[in-house]
Amino acid sequence: MTQHAHGTFEVTITPDETDDGFGRFRFHKTWSGDLTGSSHGVMLSAGDPTQHRAGYVALESVEGTLDGRAGTFAFQQLGTMRPDGQELTYVVVPGSGTGDLAALEGSLALDIAADGTHTYDLTYVGTD
């Protein structure tokens with residue numbers, strides 16, 4: 001049965017040194033709501049975000065509790081920014097789950113408010 005988890009997360013992004021034309025970043029998140037816990041990941045970016053024309057890919061490892069079930073899993077992210085808006089794709093990496101989340105599959109929709117608040121809606125299966 002498909003389920004939904006809702007909440008917010010706080011993110012801290014730290015740039016890495018690079019000289020290959022890509023932006024490289026490490027990030028940490030604290031998740032609140034139906035998913036509680038923390039995560040860390042790495043991101044590569046290209047383009048010019050100051051002109052609203054850029055893209056990124058990232059992998060993120062999450063450790064926490066989803067609707068009372070504990071374990072770990074990974075997100076795969078793809079983001080594209082254009083002057084007319086952005087597209088974000090978050091997918092639970094198949095086979096990445098452990099513990100009570102071993103069979104987890106799903107995708108995450110993200111909303112970033114004007115004040116910087118990150119709100120998520122995780123649509124998932126595999127915890128029944």
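What you have open is a predicted model, where local features need pLDDT of at least 70, side-chain atom pairs count only at pLDDT 80 or more, and totals for chains, interfaces and linings use all residues. Residues are numbered from 1 along each chain as its sequence is written, and side-chain values use heavy atoms, with hydrogens and water left out.

**The whole fold**

Switch to a cartoon view. You'll find zero helices and eight strands (DSSP runs numbered from the N terminus: helices are H or I with at least four residues, strands are E with at least two). The strands form a closed barrel in the order β1-β2-β3-β4-β5-β6-β7-β8, with antiparallel pairing (two strands pair if DSSP finds at least two bridges between them). On average, neighbouring strands of this sheet are turned by 25 degrees against each other, direction ignored (axes are lines fitted to C-alpha atoms, and angles run from 0 to 180 degrees between N-to-C directions).

**β1 and β2**

Now select residues 3-15, strand β1, and residues 23-33, strand β2: nine bridges join this antiparallel pair. Pick valine 11, and opposite it in β2 is lysine 29.

Next, show the side chains of arginine 26 and aspartate 16, which meet in a salt bridge at 3.3 Å, N to O (a side-chain nitrogen of Lys or Arg within 4 Å of a carboxyl oxygen of Asp or Glu). Arginine 26 sits in strand β2 and aspartate 16 in the loop between β1 and β2, so the pair ties together parts that are 10 residues apart in sequence. Arginine 26 is partly exposed at 45% relative accessibility, and aspartate 16 is partly exposed too, at 27%.

Another pairs arginine 82 with glutamate 87 at 3.3 Å, N to O. Here arginine 82 is partly exposed at 40%, while glutamate 87 counts as exposed at 51%.

**Last stop: the surface**

Finally, select valine 57 in strand β4, residues 53-66. Its relative accessible area is 41%, so valine 57 counts as partly exposed.

Technical notes. Buried means under 20% relative accessible area, exposed over 50%, partly exposed in between (1.4 Å probe, protein chains only).
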